[in-house]
Structures are given as structure tokens and as C-alpha cells.
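Look at the fold as a whole before turning to single residues.

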Amino acid sequence: MPPEPGPCIAVVGATGAVGREVLTLLSARGLAPHRVRALASARSAGTAIPYGDTLLPVVELTADAFRGCAVAIFAADAQTARDFAPGAVDAGCLVVDNSSAFRLHPEVPLVVPEVNGELIGRRGRLIANPNCTTIILLTALEPLRRAFGVRAIDVATYQAVSGAGLAAIDELHDQTRDALHPETARNGSPNGEPKPRVFAEPCAFNIFSHDSAVDPDSGVNGEERKVIDEARKIWNQPDLRVTPTCVRVPVVRAHTEAITVTLDTPATEAAVRGALAGGAGIEIVDDRAANSFPTPRKATERDPVLVGRIRPDPGERPDEHGRRRRWCLIACGDQLRKGAALNAIQIAEHAGVLQPGPRQAAGAQTLTAAV
Ligand SMILES: NC(=O)c1ccc[n+]([C@@H]2O[C@H](COP(=O)([O-])OP(=O)(O)OC[C@H]3O[C@@H](n4cnc5c(N)ncnc54)[C@H](OP(=O)(O)O)[C@@H]3O)[C@@H](O)[C@H]2O)c1
């Protein structure tokens with residue numbers, strides 16, 4: 001059979017944690033391997049990377065790597081995005097960038113399709129994927145914002161190590177193995193303490209404040225600042241009060257967020273639950289009798305953001321109609337999937353560049369050149 005014709009999708013940073021997840025999702029959609037270009041640094045050029053039941057050659061990212069591509073999903077660092085994303089746009093690609101390089105640029109849409117997908121296609125061919133913590137937070141809260149308005153968010157995060165990339169997963173595995181088998185420990189310092197490579201603190205059997213830099217004046221760290229700034233931009237609410245505390249936990253994959261949201265319009269529990277139950281991209285996991293709520297394990301390799309532990313803030317008295325403004329909940333989302341790769345693919349789908357093809361019923365997806 002002749003190879004399926006059509007433009008390619010370029011995945012920049014294909015060898016990393018997010019890039020590999022993009023490949024997993026593209027292969028699950030049935031995109032033929034010859035239409036996927038796996039790009040990475042010179043370090044991994046010449047190697048091969050799994051794609052479904054085959055392997056893709058990894059090619060070094062260069063300025064002309066985007067020829068013949070309709071979409072470029074960037075899953076590398078911010079500097080690489082700044083260096084190469086504008087060229088990919090010039091080469092005719094719709095570019096979706098996972099890094100922080102363009103997120104706050106006033107001309108670049110910052111998009112969670114379930115929240116502000118209407119921006120796709122309105123302005124330019126470069127779209128920024130928000131920070132993973134922000135995507136999970138706003139996907140969970142969007143139904144409440146639509147129904148009642150939101151004036152404030154307090155959120156404590158419990159973030160998986162893979163948010164810091166592939167090397168951080170190895171670090172958690174190595175430190176865990178060493179702690180459980182000290183007689184064969186390979187990664188410790190002479191005093192037996194783990195010798196971190198990615199994080200400044202040991203990550204196995206430990207919890208620590210998020211590894212992004214802390215602003216010396218405000219005390220807010222980089223991750224918390226992203227959540228504040230990006231939530232305000234995505235919801236177009238410059239005065240939104242966001243109070244995050246971001247923490248790393250010894251979980252491989254999927255972030256957990258304990259959220260208290262303050263609504264504009266007070267609501268009953270039935271109304272809050274009703275709004276959340278109809279929310280796009282959300283699955284409710286909320287069984288008080290069984291004490292069963294969202295967990296990172298339940299969210300891992302799942303598309304939806306899991307939402308549960310839905311309850312009124314016990315510190316607020318209800319009004320005479322039983323309504324309150326402040327509501328507590330827990331959200332768990334796979335930050336490599338909905339927090340990065342899936343969100344980027346959804347954007348390309350919304351843009352009409354990655355369109356459901358005739359074989360979609362069998363799980364396939366095809367690319368079209370139309371943007
Ligand atoms: N991890 C998450 O949960 C998550 C979520 C949302 C957004 N993000 C963002 O997504 C991006 C990727 O994160 P990650 O966690 O996947 O990181 P990662 O596992 O460390 O992977 C980084 C990738 O970037 C490639 N790369 C580095 N320098 C490059 C260069 N000069 N030219 C071409 N490719 C280069 C690496 O290729 P080599 O193998 O050749 O080094 C690798 O494929 C980052 O901007 C991150 O902030 C991450």
C-alpha cells in the first residue's frame with residue numbers, strides 16, 4: 001500500500017517527558033509514523049524513539065526541520081522555543097508551545113480549549129500552552145466560573161516529579177531504590193544522604209517547596225507566579241485573586257490541587273455539583289461513603305481532570321437560602337497529558353490542523369493542511 005499522503009507534524013523535544021506523551025497520543029490516534037517528525041537536540045540525534053509498535057528516527061532540530069509540516073508541537077525549553085518557533089510559523093506551521101516563552105506575550109493566545117478555545121485561529125499561528133498546574137486548575141474551575149463567576153482562588157498543589165522532566169523521574173526511582181536497598185545504593189553521598197541531580201532537595205520520601213526560583217522580595221516562587229499570571233490572562237480577569245502554594249511530592253505523574261474557590265454569586269451545594277458534573281474535560285470522583293476521591297494514580301494516563309471532595313468551606317455560614325460563596329475541592333490531572341501533550345493536541349484539533357479522519361471510529365486521526 002502506498003504511504004498515506006499529507007503533511008507532517010513536528011514534535012520538538014520528542015525525547016523528553018512531554019514529547020514522548022505527544023508521540024503516545026498521536027500514535028493512539030492512528031497517525032502514520034512517516035507523518036511524525038521527532039526532533040530533539042544534537043545529543044539525541046541519530047537515536048530512535050518508540051512510536052506505537054515501531055521506532056521513529058530522532059533528528060536534530062534545525063531551522064529547516066519544519067519543511068512540509070502543518071503543525072509543530074514544541075516540548076523543549078523556553079530558549080529553544082524562542083530560537084525556533086518563529087521560524088516554524090514562517091515555514092507554515094501552526095505552532096503550539098509548551099514552554100513559558102510566549103505565554104504572557106500580549107499577541108499570543110494562551111489556551112485551554114475547554115475554557116477559551118474560541119481564541120484559536122483568531123490571532124496568529126503561534127499558540128501557547130499554559131503551565132500544567134494552571135491547565136488543571138482552570139479546567140476544574142471553569143464550570144463554576146461560567147455558572148457563578150469566580151473572584152478568588154486559594155490553591156495548594158502536590159506536584160509530581162515528572163513536571164520537572166524525564167531526568168526527575170529517574171531521580172525519584174534511583175533515590176527510592178537506594179533508600180529501600182542501602183546496601184546497593186549508587187546515588188548517595190558518602191554520608192548516605194541522597195545526592196540530588198535535578199532537585200536541590202531529596203525527592204524520595206520527602207516533600208518540598210516547588211523547585212522554581214523564589215522571588216526575594218515577594219517570596220512567591222516561579223511556579224506560583226505562573227499560576228497567578230496565567231489564570232488572570234486565560235480568564236481575562238486581571239483582578240482575580242489567586243493565592244497558590246506549590247509543593248513537590250514523591251509522585252511520578254499527575255498533579256493534585258487542593259482548591260478553595262470564592263464565587264461571585266453564592267450557590268447551593270446542589271447547584272455547585274450540578275455545574276461541575278456538566279463540566280467539559282472533567283470527571284467527578286466523589287464518594288464520601290467510600291472515602292474515594294481523586295488521586296494521582298487514578299488520574300495517571302487519563303484525559304480528564306478528576307474532581308472530588310466537593311464541599312462548602314466549613315468556616316462560612318450559608319445564607320437564608322442555603323447558599324455560600326466559598327467551596328473546597330480536590331482536582332487531580334495528569335500533567336504530562338491534559339497539563340501538556342493532550343492540551344496541545346486539542347488546540348491543533350480545534351484549529352482544524354489535526355482533524356478527525358475517516359478512520360476515527362477505529363481510533364485514527366489524520367492531518368489536514370487547512371489551518
Ligand atoms: N513535564 C511536564 O509535566 C510539563 C508540563 C507542561 C509543560 N512542560 C514544559 O514542556 C517543556 C518540556 O518539558 P519536559 O518535562 O518534557 O522536559 P524534558 O523531559 O527534560 O525534555 C526536554 C526535551 O527538550 C529537548 N531539548 C533540549 N534542548 C534542546 C535543543 N537545544 N534543541 C532541541 N531540543 C532540545 C530534549 O532533547 P534531548 O533529549 O536531545 O536533550 C528533550 O527532548 C518545558 O518547556 C516544560 O516547562 C512540562
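What follows is a walk through this structure, one topic at a time.

This is a predicted model, in which local features need pLDDT of at least 70 and side-chain atom pairs count only at pLDDT 80 or more, while totals for chains, interfaces and linings use all residues. Residues are numbered from 1 along each chain as its sequence is written, and side-chain values use heavy atoms, with hydrogens and water left out.

Begin with the strands. Helices (H or I, at least four residues) and strands (E, at least two) are DSSP runs, numbered from the N terminus. Strands of a sheet pair through backbone hydrogen bonds, either parallel or antiparallel. Here two strands count as paired if DSSP finds at least two bridges between them.

An open sheet is formed by 6 strands in the order β10-β8-β12-β15-β14-β13, with mixed pairing. Its edge strands are β10 (241-245) and β13 (282-284), each of which pairs on one side only. From one strand to the next, the twist averages 25 degrees. Within this sheet, β14 (residues 305-312) and β15 (residues 324-333) run antiparallel and are joined by 5 bridges. The bridge partner of Arg311 is Cys328 in β15.

Helix α4 (residues 132-148) lies across β8 (150-158), β12 (255-267), β13, β14 and β15, and runs at about 20 degrees to β12. Contact here means heavy atoms within 4.5 Å. Axes are lines fitted to C-alpha atoms, for helices over the stretch in contact, and angles run from 0 to 180 degrees between N-to-C directions.

Strand β4 (residues 54-60) has partners too. It runs parallel to β2 (residues 36-40), with 3 bridges between them, and Leu39 stands opposite Val59 in β4. Strand β3 (residues 48-51) runs antiparallel to β4 and is joined to it by 4 bridges; Ile49 stands opposite Leu56 in β4. The hairpin of β3 and β4 has 2 residues between the strands, and Gly52 in this hairpin takes a positive phi near 60 degrees.

Which residues have a positive phi without being glycine? Ala254 is one of them, at about 90 degrees, and Arg309 is another, at about 55 degrees. Most residues other than glycine have a negative phi, and most peptide bonds are trans. Ala254 is found in the loop between β11 (247-248) and β12, and is buried, with a relative accessible area of 0%. Arg309 lies in strand β14 and is partly exposed, with a relative accessible area of 33%. Buried means under 20% relative accessible area, exposed over 50%, and partly exposed in between (1.4 Å probe, protein chains only).

Now take the cysteines. A search of the whole structure finds 0 disulfides, a disulfide being a pair of cysteine sulfur atoms within 2.5 Å. For Cys8, the nearest cysteine sulfur is that of Cys69, 4.9 Å away. Cys8 is buried, with a relative accessible area of 10%. For Cys203, the nearest cysteine sulfur is that of Cys132, 16 Å away. Cys203 is buried as well, with a relative accessible area of 1%.

On a 1 Å grid over the protein atoms alone, a pocket is an open set of points where a 1.4 Å probe fits, with protein on both sides within 12 Å along at least five of seven lines; lining residues have an atom within 4 Å of a point. The largest pocket is lined by 42 residues, of which Val18, Ala75, Ala76, Asp77 and Gly163 lie nearest its centre. The largest share of the lining, 3 residues, comes from α2.
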